[in-house]
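Let us take a friendly walk through this structure together, one stop at a time. Have the sequence and the 3D view ready as you read.

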Amino acid sequence: MSPSRKLELVIGEQDLDLAMFMAVCGGRAVVRLGQTAKGRIDKCNDFRVKLAGSDRRIYGVNTGFGRLADTVIPPAQQVQLQKNLVRSHAVGSGVPLSREEARGMILLRALSLSHGFSGARVEVVEQLLWLLEANLHPWIPSRGSVGASGDLAPLSHLALVLMGEGHLLDEGGTRIDAGPVLAENGRQPLELEAKEGLALINGTQLMNSIGLLSVSRALNLIGRATLAAALSLEALEGSALPFGAEYHRLRPHPEIEDVAACFRALLAGSEILSAHHDCARVQDPYSVRCSPQVLGASLGVIRSACTVFLREARAVTDNPVLFPDRELVVTGGHFHGQPLAHQLDFLYQAVSEIANIAERRINLLLGGNGGRLPRFLAAEPGLESGLMIVQYLAAGLVTENKSKAFPAAVDSVPTSDGQEDHVSMGSVAAVKLGGVLERAETVVALEMLTAARALQFITRDDLATRAGRKPLGLSEPLDALLAEIGKISQPDPADRSLSDDVAGLSAWVRDGKLPEVTMSGLVALKMVT
């Protein structure tokens, strides 16, 4: 595929995977509705039209909503009912969703409607997909959902844009009216029919979009954390025996085995490792020798969450659900976010632990390693403080992670006058993830900075000679990594402000490119970004 050619997702003909989801969110893929999906939608829509013209009482078609479901709405007011629903439910606050998060919501809502059980016209789905094609960014406040009945408030803000109401964000992040933008693009506002407003807003797409984006970011973080841990092991002159394949076959958790395999690949050919093969140290601290067990456990949570989120992405998540073949209407709970809420909470905890163990290795590196490294990695300890405050920053960040780690899914505040008497709060779990990921990325960056500084005393001729030892070389993957880190943060041991270095390394941990030889050491992680 040429660099300028975009990927294509044909709804109804392809299953969504994480790579394609990320491509759509990043504007690197186009999405269109396939003929199979159109046929399903049309069939269900015919049933919806039949229901709307009948005397049969159907929730959301000819009744009110929530606690008002016992109010019957006459046919002449059913269209107005849908408009009122969307307008009244668009109540939110907080930082608006990013372009990627909003695009993910749009795609996921279109996918849910495309199965042909929601009672929405093809035109509704096409209007959603047009937003993606036009690269428009709906203004969607991040707070307002309780995760059941789905993400009502965020999806209502999205639906308003389809109707030519609501707001968009321009390239500079300024909120603008959606109606004039639709007009400028020759696009007619969507005129909702019976049930279509409900079909647009009753689902789990905010939780799921943020969840999938966070999974991709967390998979990348696991790779960078593994690299940081490998650098620290070399700087601490730790043992590679706890990473052996034979050893890990005795406790065959796949993700732990995968991380251990990465350590073996990253450390192969290391002079440092060979030089202390028969040293007197009996064992390393837990944060070193248990790195595969801790990082592997987090990787297992991330992969599990990804499986659940992708399953949800391929599901019908609104209410009521229409079965046109049987002329059956089921009012149930597929909008309930509990399956996602638990995974979102687990994901927070898994990411938090990546930072926790990284901070402990930073502390080890600053402690002198039994006299083999200068205290705080200062060139002149006492006259200089070295990286002392790096650990302070890491300690503050991991404590903030812990303070916000209470699982949202164990809480529930009844809504709609008790009709919705158990909600998932999955949206609360979702919006916390960006913060924990950012803080964990910074802690991993701090570990890389610290390990890179420590390795100067082992690999550099002048510093190693001054310490009375022979300079030793890293493995090829880690040597290339150290050079890459050096382009962002000069590792020379002299006191200076490091705030800019921390910012640069943190950004690189999140989005930076790794040398190919270093990436080859992470093949076992099967990362998808």
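Glu-193 is partly exposed, at 29% relative accessibility; here buried means under 20% relative accessible area, exposed over 50%, and partly exposed in between, with a 1.4 Å probe and protein chains only. This is a predicted model, in which local features need pLDDT of at least 70 and side-chain atom pairs count only at pLDDT 80 or more, while totals for chains, interfaces and linings use all residues. Residues are numbered from 1 along each chain as its sequence is written, and side-chain values use heavy atoms, with hydrogens and water left out.

Which residue does Glu-193 meet in a salt bridge? Its partner is Arg-48, with N and O 2.8 Å apart; a salt bridge is a side-chain nitrogen of Lys or Arg within 4 Å of a carboxyl oxygen of Asp or Glu. Distant parts of the chain are linked by this pair, since Glu-193 sits in the loop between α7 (178–184) and α8 (196–201) and Arg-48 in helix α2, 145 residues apart. Helices (H or I, at least four residues) and strands (E, at least two) are DSSP runs, numbered from the N terminus.

In general, side chains of opposite charge can pair when their charged atoms come close. Searching the whole structure turns up 26 salt bridges. One of them joins Arg-109 to Asp-318, with the closest N and O atoms 4.0 Å apart. Here too the pair links distant parts of the chain: Arg-109 belongs to helix α4 (residues 99–114), and Asp-318 to the loop between α14 (291–313) and β7 (321–323), 209 residues apart. Arg-109 is buried at 0% relative accessibility, and Asp-318 is buried with a relative accessible area of 0%.

Another salt bridge pairs Arg-372 with Glu-237, their closest N and O atoms being 2.7 Å apart. Arg-372 lies in the loop between α15 (338–366) and α16 (388–403), and Glu-237 in the loop between α9 (205–235) and α10 (245–248), 135 residues apart. Arg-372 is partly exposed at 43%, whereas Glu-237 is buried at 6%. Through shared partners, salt bridges also join Arg-48, Arg-121, Glu-193 and Glu-196 into one network.

Now for the nonpolar side chains. The largest nonpolar core has 153 residues, and those with the most contacts inside it are Leu-16, Phe-21, Leu-107, Leu-200 and Val-215. Such a core is a set of buried Ala, Val, Leu, Ile, Met, Phe, Trp, Tyr and Cys residues joined through side-chain atoms within 4.5 Å. Apart from it lies another core, of nine residues, including Phe-47 and Val-329. Not counting residues up to four places away in sequence, Leu-200 touches residues including Arg-109, Leu-113 and Leu-155, where contact means heavy atoms within 4.5 Å.

Next comes helix α15. Its 29 residues reach 43 Å from first C-alpha to last, close to the 42 Å expected at 1.5 Å a residue; that expected span is 1.5 Å times one less than the number of residues. Of the 29 residues of α15, 21 are buried. Just after α15, Gly-368 takes a positive phi of about 100°.

Our last stop is Thr-63, in the loop between α2 (35–52) and α3 (78–89). Thr-63 is buried, at 1% relative accessible area. Its side chain reaches the backbone nitrogen of Gly-60 at 3.1 Å.

Definitions and conventions:
A polar contact is a pair of N or O atoms within 3.5 Å; within protein, one must be able to donate a hydrogen and the other to accept it, and residues adjacent in sequence count only if both atoms are side-chain atoms.
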